Amino acid sequence: MHWARLIEALQAAEHNQVIANDPLLTSKDIRNMNLKLRRVGIGCVEAARGTLIHHYETDDKGILTKINCIVATQHNAAPICLSVKKAARIIKGPKVKEGLLNRVEMAFRSYDPCLACATHALPGTFPLSINIRDKDRKIIETIERNP
């Protein structure tokens, strides 16, 4: 998904440059219209994290009275969970290796660049704890990484 987003972002940047240099936008002969304020606005945009959906409502003066944003992390939640589950299923044998922490971390960070930054801590790692459960959901082992 990241390569497709990167290509879309590059295309959008190139197109924005064309629009920004359009003489109709840079002319001194711009007409300012007295627009009536609409009370509801909805927008959808593709960003580096994924699709962002915004919904705004205002009062008669244009003051925001309601905001509802659906961010990419919500869209990415299902594939993140599936990737973490897949990473966790690589356990072979009775002892869990510390490499599982890295696989789980990589599974959720790859979907959402903001999660990658948000989960950083100095000096560059972040705390991670994984509970290993048996078939009855009883915790049989916990592995942790604390910076």
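How many bridges join S1 to strand S2 (residues 50–58), and in which direction do the two strands run? In this predicted model, eight bridges join S1 to S2, and the two strands run antiparallel. Alanine 47 has as its bridge partner glycine 50, which lies in S2.

These strands belong to an open sheet of three strands in the order S1-S2-S3, with antiparallel pairing. Strands S1 and S3 are the edge strands, each of them pairing on one side only, and neighbouring strands of the sheet are turned by 15° against each other on average, direction ignored. Helix H3 packs on this sheet, where it touches S2 and S3, and the direction of H3 makes about 140° with that of S2.

The residue ranges of several elements are as follows.

| Element | Residues |
|---|---|
| Strand S1 | 40–47 |
| Strand S2 | 50–58 |
| Strand S3 | 64–70 |
| Helix H3 | 72–88 |

Helix H3 has 17 residues and reaches 24 Å from its first C-alpha to its last, close to the 24 Å expected at 1.5 Å a residue. The buried residues of H3 are Ala72, Asn76, Ile80, Ser83 and Ala87.

Definitions and conventions. Residues numbered from 1 in each chain as written. Predicted model: local features only at pLDDT ≥ 70, side-chain atom pairs only at ≥ 80, totals over all residues. Heavy atoms only, no water. Helix = DSSP H or I, 4+ residues; strand = E, 2+ residues; numbered from the N terminus. Expected span 1.5 Å × (residues − 1). Buried < 20%, exposed > 50% of the residue type's maximum accessible area, 1.4 Å probe, protein only. Pairing = 2+ DSSP bridges. Axes fitted to C-alpha atoms, helices over the stretch in contact; angles between N-to-C directions. Contact = heavy atoms within 4.5 Å.
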